[in-house]
Amino acid sequence: MAAIERAADQEENVQGSGAISTIVIIIAMQTEALPLVNTFQLTEDPDSPFPKGVPWVRYHGTYKGLEINIIWPGKDSLLGVDSVGTISASLVTYSSIQALRPDLIINAGTAGGFKAKGASIADVYLASEVAFHDRRIPIPVFDQYGVGARKTFSTPNLVREINLKIGKLSTGDSLDMSPHDEASIMANEAVIKDMEGAAVAYVASLFSIPTIFLKAVTDIIDGDKPTAEEFLENLAAVTAALDQAVSQVVDFLPGRSLSEL
């Protein structure tokens, strides 16, 4: 009965009449997540709602009347690095929706940006559309499925309130950019590229959960520096810009319904 009531509440929110109460923030890297954990004074859940044995971490708490859950995929059990990429993002998004039934998902993280499209280091973008650039299936209709282009949840009032850049996001499982990927990214008209966004969007769309994407630029893809070097050089400073942007977005939510975003 509780699940049915929760589903009814979500349907009411999507239609715009109910106030947002529960949000899930999906973040791929611990470095990106911890500043927000501190900002919202969240605590790590010792009784994880996720399957036994997975490394996924839930930080949660109440902030200005909102139930906030930050989900970090954790460290790879073999290599000890952040579990980045589309597979981990898909799995934690699915499991978070099942366990927590959020009204809204925010996928926050860092991204590469194109200076030719106006991106600069530490710019924070709200993605207007997401797509994949490394799922090439050259068969009619399957090609469109591979790209998986989706418009993101529209938030005109949020955009007016907060000074964020708007641009299309392209997602793939590699940090660098091959010539094939570059052609696909250009076809996607992307301003920024990441390793999770379109995967989160795909899973959220299966359950009709509104999702917004906040991406802070750590490296200039069409610049002079090697991507990995520039990413690591700027990660800490850019994470501060991401923290500020996510905080502004969350501060805008209390008391508002989805239709008021």
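UniProt, in an unreviewed entry, places the feature "domain: Nucleoside phosphorylase" at residues 22–250. The model shown here is predicted. In it, the end C-alpha atoms of residues 22–250 lie 11 Å apart. This span is 35% helix and 27% strand.

**The largest nonpolar core**
- The largest nonpolar core has 38 residues.
- Ile25, Ile68, Ile70, Ile106 and Val250 have the most contacts inside this core.
- Several elements each supply at least two of its residues, among them the strands β1 (22–26), β4 (66–72) and β5 (104–113) and the helix α2 (30–39).
- The largest share, 8 residues, comes from α8, which spans residues 227–252.
- In soluble globular proteins, nonpolar side chains tend to be buried together.

**Around Ile70**
- Leaving aside neighbours within four places in sequence, Ile70 is in contact with residues including Ile25, Ile27, Ala33, Leu36 and Val37.
- Its contacts also include Leu42, Val57, Arg58 and Tyr59.

**A second core**
- A second, separate core has 29 residues.
- Trp56, Ala199, Val200 and Ala204 are among them.

**Helix α6**
- Helix α6 covers residues 179–187, and Asp181, Ser184 and Ile185 are buried in it.
- These residues sit on the same side of α6 because they cover an arc of only 100° around the axis.
- An α-helix has 3.6 residues a turn, so residues three or four places apart point the same way.
- The buried residues of α6 pack against β8 (165–171) and β9 (192–194).
- Pro179 and Ala187 are exposed, on the face of α6 turned away from its buried side.
- After α6 comes Glu189, with a positive phi near 60°.

Conventions:
Residues numbered from 1 in each chain as written. Predicted model: local features only at pLDDT ≥ 70, side-chain atom pairs only at ≥ 80, totals over all residues. Heavy atoms only, no water. Buried < 20%, exposed > 50% of the residue type's maximum accessible area, 1.4 Å probe, protein only. Helix = DSSP H or I, 4+ residues; strand = E, 2+ residues; numbered from the N terminus. Arc of directions from axis to C-beta. Contact = heavy atoms within 4.5 Å. UniProt positions renumbered as here; feature names shortened; annotations may be inferred. Core = buried A, V, L, I, M, F, W, Y, C linked by side-chain atoms within 4.5 Å.
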